[in-house]
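I opened this notebook to record what I looked up in one structure, entry by entry.

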Amino acid sequence: MKSLEDEQISHVNERFQYYSSQLGFQVTPHMLRHSFATHLVKRGIPYEMIQQLLGHDYPKTTQIYTRFFEQLQKEEYDQWM
């Protein structure tokens, strides 16, 4: 018998599969989490706060979003030049 937690996880995965089929491309909980973190970085939220929100034990894990933001800044700059 599944625990309540397993049932909740299963339900979330089913919902993401449903939305993926409706949108025509795959959407995953990890993508949502990554998008959320990237959005926070773009808004200038301190990395320590993002680290806490994401439950990262090590700052290095959160710093991966710095590279994505730097790349986005470069792309935006290149568009205007």
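**Entry 1, ground rules.** I note that this is a predicted model, in which local features need pLDDT of at least 70 and side-chain atom pairs count only at pLDDT 80 or more, while totals for chains, interfaces and linings use all residues. Residues are numbered from 1 along each chain as its sequence is written, and side-chain values use heavy atoms, with hydrogens and water left out.

I looked up how helix H2 (residues 29-42) meets helix H5 (residues 64-80), and found an angle of about 65 degrees with the axes 10 Å apart. Helices here are DSSP runs of H or I with at least four residues, numbered from the N terminus; axes are lines fitted to C-alpha atoms over the stretch in contact, and angles run from 0 to 180 degrees between N-to-C directions. The crossing of H2 and H5 is right-handed, a term for a near helix turned clockwise from the far one by less than a right angle. On the H2 side, the contact (heavy atoms within 4.5 Å) is made by His34, Ala37, Thr38, Val41 and Lys42, and on the H5 side by Tyr65, Phe68, Phe69 and Leu72.

Which residues make up the largest nonpolar core? I found seven in all: Ala37, Leu40, Val41, Ile50, Leu54, Tyr65 and Phe69. Such a core is a set of buried Ala, Val, Leu, Ile, Met, Phe, Trp, Tyr and Cys residues joined through side-chain atoms within 4.5 Å, where buried means under 20% relative accessible area, exposed over 50% and partly exposed in between, with a 1.4 Å probe and protein chains only. Two or more residues come from each of H2, helix H3 (47-54) and H5, and H2 gives the most, with three. Leaving out residues up to four places away in sequence, Ile50 touches Ala37, Leu40, Val41, Ile45 and Thr62.

I found one aromatic pair in the structure. The ring centres of Tyr18 and Tyr19 are 5.4 Å apart and their planes stand at 65 degrees, so the pair is edge-to-face; rings of Phe, Tyr and Trp (its six-membered ring) pair if their centres lie within 6.5 Å, and planes over 60 degrees apart count as edge-to-face, under 30 as stacked and the rest as tilted. Tyr18 is partly exposed at 38%, and Tyr19 is partly exposed at 41%. I also looked at Tyr47, which lies in helix H3 and is partly exposed at 29%.
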